[in-house]
Amino acid sequence: RNCGKLAMSEVHVEAEHVHKVYSQIAEHFSDTRHKPWPRIAEFLLQLPPGCLIADVGCGNGKYLGVNPLTYKLGSDICPELVAIARTRGREVAVCDCLNLPYRSNQFDASICIAVIHHLSTEERRIAALGELIRIVRPGGKILVYVWAMEQERKKFESPDVMVPWHMQPKYSGEQPKPVRENK
């Protein structure tokens, strides 16, 4: 029975500190995520024409436009980010990376960029990787990126930390504070 309580607390932690936060910051977050990272673009561009690709945790869909010779389906747990991706003409669905609504062995490739580190336990992270493996055909390709604690600008004490999002005033509804001049 403790396992059930633990699982609920893990789900609650993610709902409160990941899902709720991304719903609140979706517009601002999206406006800061517009240029594909070079290595991910390179991975997508080297896939042959006609490939079917899953972008699991697609956010605003920025990678869904890379390599127009392939077919891509995006998914994200954040309805607000999915809505933004849809306004860009992307094929996206709201779903959980732990329970993807795709048939097994369906995709030629999958990407999962900056998603798995949001899951609260090692077991849940492994389960997400299992879902990626399940949906990609044997011999297919999977690219996963996760946040590293060895950042250029900041070093973190442990691999699992809460990192706050700093909302710019124009997104939060707050008025910017006037700058005082020294006279």
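Two strands pair if DSSP finds at least two bridges between them. Helices (H or I, at least four residues) and strands (E, at least two) are DSSP runs, numbered from the N terminus.

## Model and numbering

This is a predicted model, in which local features need pLDDT of at least 70 and side-chain atom pairs count only at pLDDT 80 or more, while totals for chains, interfaces and linings use all residues. Residues are numbered from 1 along each chain as its sequence is written, and side-chain values use heavy atoms, with hydrogens and water left out.

## The sheet

Five strands form an open sheet in the order β3-β2-β1-β4-β5, with parallel pairing. β3 (92–94) and β5 (136–145) are the edge strands, each pairing on one side only. Neighbouring strands are turned by 20° against each other on average, direction ignored. Axes here are lines fitted to C-alpha atoms, for helices over the stretch in contact; angles run from 0 to 180 degrees between N-to-C directions.

Helix α3 (residues 79–87) packs on the sheet and touches β2 and β3. Its direction makes about 165° with that of β3.

## Strand β1

β1 is joined to β2 (residues 71–76) by 5 bridges and to β4 by 3 bridges. Both pairings are parallel. On the β2 side, Leu52 has Tyr71 as its bridge partner, and Val56 stands opposite Ser75. On the β4 side, Ala54 stands opposite Ser110.

Buried means under 20% relative accessible area, exposed over 50%, partly exposed in between (1.4 Å probe, protein chains only). In β1, 4 of the 5 residues are buried, so the strand is largely enclosed by the rest of the structure.

## The nonpolar cores

A nonpolar core is a set of buried Ala, Val, Leu, Ile, Met, Phe, Trp, Tyr and Cys residues joined through side-chain atoms within 4.5 Å. The largest one has 15 residues; Val56, Cys97, Leu100, Phe107, Cys112 and Ile135 have the most contacts inside it. β1 (52–56), β4 (107–113) and α4 (122–135) each supply at least two of its residues. The largest share, 3 residues, comes from α4.

Leaving aside neighbours within four places in sequence, Leu100 is in contact (heavy atoms within 4.5 Å) with Val56, Ser75, Cys95, Glu131, Arg134 and Ile135. A second, separate core of 13 residues includes Ile40, Ala41, Ile111 and Ile113.

## Helix α4

Which residues of α4 are buried? They are Arg124, Arg125, Ala128, Glu131, Leu132 and Ile135. These cover an arc of only 110° around the axis, which puts them on the same side of α4. The arc is that of the directions from the helix axis to the C-beta atoms. The face turned away from the buried side carries exposed Glu122, Glu123 and Ile133.
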